[in-house]
Amino acid sequence: RHELAFQGYFKVGRYFFRHSLFKGGTSEIISREVFERGMAAAVLLYDPVRDEMFSASAGQGAFLNGRRIRVTPTEHLNRAMVTTGFPYDCKEKEFLFDWWRHFSVAARALRRTGSTALHLAYVACGRFDGFWEVGLSPWDSSVGALLVREAGGNVTHYDGSQYDIYRKGIVATNGLQHELILRTLAEPNV
């Protein structure tokens, strides 16, 4: 039922399975992407824990279990639910905790739940209004970035430049929160 996203593409990406354990639970995803000119052109992301399939094709929109999804219309940070992740090694990255402190007060809610790909999928379907993270690999963010863009959101790097899977950081939002989050992340010691 989720094959439509791949029609017309001849170059097939790899399956990617990600499993994260945490106290009292587990987070698993399976993703697949098709690349054209270094960018994800079609993606699938399956969360077997919630039995949710996210899919997107460039220019065709984003979907959750076959139903069209959109980012939220939340305009103000104090009404926004944002999320982030931390790299495995936070040494010499104290600024991450400065950002955490700032957003935990400035936003309606701040969460950290596990998978980068799921964080991005949740921005795409409106469960979160924004997401940022550093220290990522291409497979962490390529699937979710297309989902967010196709759902009407904005995806860049911390400096506002165009997203590139080979750079290590990402900011993804509903578009309405984007400039504010970028400005906050640019401030030293927030």
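1. Burial overall. Of the protein's 190 residues, 50% count as buried (buried is under 20% relative accessible area, exposed is over 50%, and partly exposed lies in between, with a 1.4 Å probe and protein chains only). This is a predicted model: local features need pLDDT of at least 70, side-chain atom pairs count only at pLDDT 80 or more, and totals for chains, interfaces and linings use all residues. Residues are numbered from 1 along each chain as its sequence is written, and side-chain values use heavy atoms, with hydrogens and water left out.

2. Overall make-up. The protein has four helices and 11 strands. Both are DSSP runs, numbered from the N terminus: helices are H or I with at least four residues, strands are E with at least two. Take contacts between residues at least 6 apart in sequence: 59% of them join residues at least 24 apart. Contact here means heavy atoms within 4.5 Å.

3. Strand β3 (residues 39-47) is mostly covered, with seven of its nine residues buried. β3 pairs with strand β4 (residues 52-57) in the antiparallel sense, over six bridges; two strands pair if DSSP finds at least two bridges between them. L45 has F54 of β4 as its bridge partner. Four residues sit between the strands of this hairpin, where D51 takes a positive phi near 55 degrees.

4. Helix α2. How many of the nine residues of α2 (residues 116-124) are buried? Nine of the nine are. They include H119 and Y122. At the start of α2, a side-chain oxygen of S115 comes within 3.3 Å of the backbone nitrogen of A117. After the helix comes G126, with a positive phi near 90 degrees.

5. D129, a buried charge. D129 is in the loop between α2 and β9 (130-133). D129 is buried but has no salt bridge (a side-chain nitrogen of Lys or Arg within 4 Å of a carboxyl oxygen of Asp or Glu). The nearest side chain of opposite charge is R108, 7.0 Å away. For charge, Lys and Arg count as positive and Asp and Glu as negative; His and the chain ends are not counted. What joins the side chains of D129 and T74? A polar contact of 3.0 Å does. Such a contact is a pair of N or O atoms within 3.5 Å; within protein, one must be able to donate a hydrogen and the other to accept it, and residues adjacent in sequence count only if both atoms are side-chain atoms.

6. Aromatic pairs. Rings of Phe, Tyr and Trp (its six-membered ring) pair if their centres lie within 6.5 Å; planes under 30 degrees apart count as stacked, over 60 as edge-to-face and the rest as tilted. By this rule there are three aromatic pairs. The rings of F103 and W132 have centres 4.4 Å apart and planes at 35 degrees, so this pair is tilted. F103 lies in helix α1 (residues 95-106) and W132 in strand β9, so the pair ties together parts that are 29 residues apart in sequence. Both F103 and W132 are buried.

7. Y122 and F128 form a tilted pair, at 6.1 Å centre to centre and 45 degrees between the planes. Y122 is buried, with a relative accessible area of 10%. F128 is buried too, at 5%. Ring pairs link F54, Y122 and F128 into a cluster.

8. G66. G66 is in the loop between β5 (61-64) and β6 (67-68). Is G66 buried or exposed? G66 counts as exposed, because its relative accessibility is 55%. The C-alpha atoms of G66 and M53 are separated by 7.9 Å, and the two residues are 13 apart along the chain.
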